[in-house]
Amino acid sequence: MAEELLADVRDNPHDSLDMMRHSTAHIMAEAVVSLFPGAKYGIGPTIEHGFYYDFDLSRPLTPEDLVAIEAKMRESIAANRSFSRTDVPKLEARQVFASQPYKLEIIEAIPDETVRLYRQGDFTDLCRGPHLESTGQVKAFKLLNVAGAYWRGDEHRPMLQRIYGAAFETQEELDTHIHNIEEALRRDHRRLGRELGLFFFDPIAPGSPFFLPKGALVYNLMVEFMRKLYVKYGYQEVITPQVFSADLWKRSGHYDNYKENMYFIESEEREFGVKPMNCPGHCVLYSATLHSYRELPLRIADFGRLHRFERSGVLSGLTRVRSFAQDDSHIFCRPDQVQEEIGALIRMMHETYTAFHLGEPRFTLSLRPDKRVGTEESWDRAETALRDALRSEGITFEEVAGEGAFYGPKIDTFVKDALGREWQLNTIQLDPNLPERFELEYIAEDGTQQRPLMIHRAILGSIERFYGVLVEHCAGAFPVWLAPVQAMVIPIADRHAEYARAVAAQMAAAGLRAHVDERSERMNAKIRDAQNQKVPYMLIVGDKEAGSNTLSVRLRTGQEEKDVPVAAFLERATAAVASHAEL
RNA sequence: GCCACCGUAGCUCAGAGGCAGAGCAGCUGUUUCGUAAACAGCUGGCCGUGGGUUCGAGUCCCACCGGUGGCUCCA
């Protein structure tokens, strides 16, 4: 076996960090194999912040095992073993990995005649590289957790144990990363939802949130915001049934393609399905009347409740639920109206994300998949319309080949939650398929019957999911217009309660949500509680304020402003609400 | 659904075969206070559910339900 030692390329810091992470994964595999003789190992790539490696072991790993593995890894690092690289013929590689079925499978999948091996000490792995020169170059790492993962991501194949680890150039960066994880847990929407009295879950209805009064208030404010945009952008809201005969789902194609995600009911010997989406119902609504080309585009909005059966293991707070509503809408239009509609949609999205202080989500444009219906020309037209609309609105986006729906391309937006998991917020899809299935028509200028196109679109997407992401994004400190309690009036002593109530009444008259904290507590405790509830404005009133019709304003940032006339504060607060300002 | 872990007071958690615990919250008093926790007392439990082992089970075993982190899935 011809061995050569070489230093792999390390042109930029990113590559070298990646290389270090990957080498750390090898060192972990070395440790696992030495601690668990007979261990079979799968793959061990780098990921954001670190690496993982999958193992097939005789027993489940415990947290103590992780400690032992980590200790073994530090031994290897202290020994500073060099990584050596060898290219060998496949035949030889098969002998090296004779007892490693997963590696043999990978070898078979490699088209080349030779494969590359990396070795440190007694441990050899099949790997493309590159790697560090030696184990001693690993800087800061920590093993984090164990999780199950199917071999090759296939649920019909064995489940391996995946160990996740973090690795960085410096201990400080690693410490920061671990601190970030803890911080993220602190702003987890499930925790904040309970602490702020917004919503909760009960095993009596898995995956289905209960929104408490404060939480429902915020929910309804979100809906109200969308309703205002609907007026501005020419949408018409409708209310449609919750439960439909299975005939509808057969016609729409959901019965064949989405059945396992739906709830069915039998009643009077007929089968009914609870709606998981609004589109088929909207097609029924469209075809209930005759339409002229003059009516198009027809924008139908619906906040109807949707139910989707999700497998128990995938449920997660508000971000993955079984019961939710969307700010859903279907736009029926002529082909020549598509681009303009998409442009308006993007402007609408922009306006929304600004008001919610969400920042720009990540946009993708999903193009034609292999399995598709329709002509190449219609796909060209549809993709171009979406692409041009995104460009002309100045959106940066990534094109993803093959990810479109079988009937049309789509634009998706994504945001990350506190734990860095990315969630799809919404989707804009061009759909000629449903109008076809439901034989939708409009009367064209020349009197002929034509088929409209349908655009499925939501901006918030699932309101529940959006809510969860928003709570985490602002760590529970909603922009004033969304805050369930906008101002807490805090009387210093009981004798100030009357003035406090008068102030709160003025706020209420101005349309603000203000409360008076009349509990027999010290002012400090009231301030603390209001701070913890992330109330935007705390209005402290004592002898001084009551005597001069003023307020001492404390913002939730801790900033204080004294001797503020009540009228001046009202003006400031109502302006902040109207402009959707943060504070 | 799969793998691992976790379910004890409203919340956060301790208790690991031998009397069910703490802090916060809640309730009742006292306190009337100037920018992030006043003081005292009291209440609160089918230890997720069902079975088993044992003289004895929050504690050990099995099943189920729910949750968490992944995996798979996600028009």
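Which residue in the turn of the hairpin formed by E5 and E6 has a positive phi? In this predicted model, that residue is Gly121, with a phi of about 60°, and the hairpin places two residues between its strands. Strand E5 (residues 114-120) and strand E6 (residues 123-126) pair in the antiparallel sense over four bridges, with Gln120 standing opposite Phe123 in E6. E5 also pairs with strand E4 (residues 84-89), again in the antiparallel sense, over six bridges, and here Pro89 has Thr114 of E5 as its bridge partner.

Around RNA strand B there are 54 residues, of which Asn257, Ser520, Glu545, Ser552 and Glu560 come nearest; of the atoms of RNA strand B that come within 4 Å of the protein, sugar and phosphate account for 50%. The surface near RNA strand B is made up of 19 nonpolar, 17 polar and 18 charged residues, and helix H16 gives the most to this surface, with seven residues.

| Protein residue | Protein atom | Atom of RNA strand B | Distance |
|---|---|---|---|
| Asn145 | polar side-chain atom | sugar or linking oxygen | 3.2 Å |
| Gln531 | N or O atom in the side chain | base nitrogen | 3.2 Å |
| Asp543 | polar backbone atom | base oxygen | 3.0 Å |

Turning to helix packing, helix H15 (residues 497-509) and helix H18 (residues 566-578) pack at an angle of about 40°, with their axes 11 Å apart, and their crossing is right-handed. Tyr499, Val503, Gln506 and Met507 in H15 meet Val566, Phe569 and Leu570 in H18, a contact whose residues divide into six nonpolar, one polar and no charged.

Conventions
Residues numbered from 1 in each chain as written. Chains lettered and ligands numbered in written order. Predicted model: local features only at pLDDT ≥ 70, side-chain atom pairs only at ≥ 80, totals over all residues. Heavy atoms only, no water. Axes fitted to C-alpha atoms, helices over the stretch in contact; angles between N-to-C directions. Left-handed = near helix turned anticlockwise from the far one by under 90°. Contact = heavy atoms within 4.5 Å. Nonpolar A, V, L, I, M, F, W, Y, C, P; charged D, E, K, R; others polar. Pairing = 2+ DSSP bridges. Near = heavy atom within 4 Å. Polar contact = N/O pair within 3.5 Å; in protein donor to acceptor, adjacent residues only side chain to side chain.
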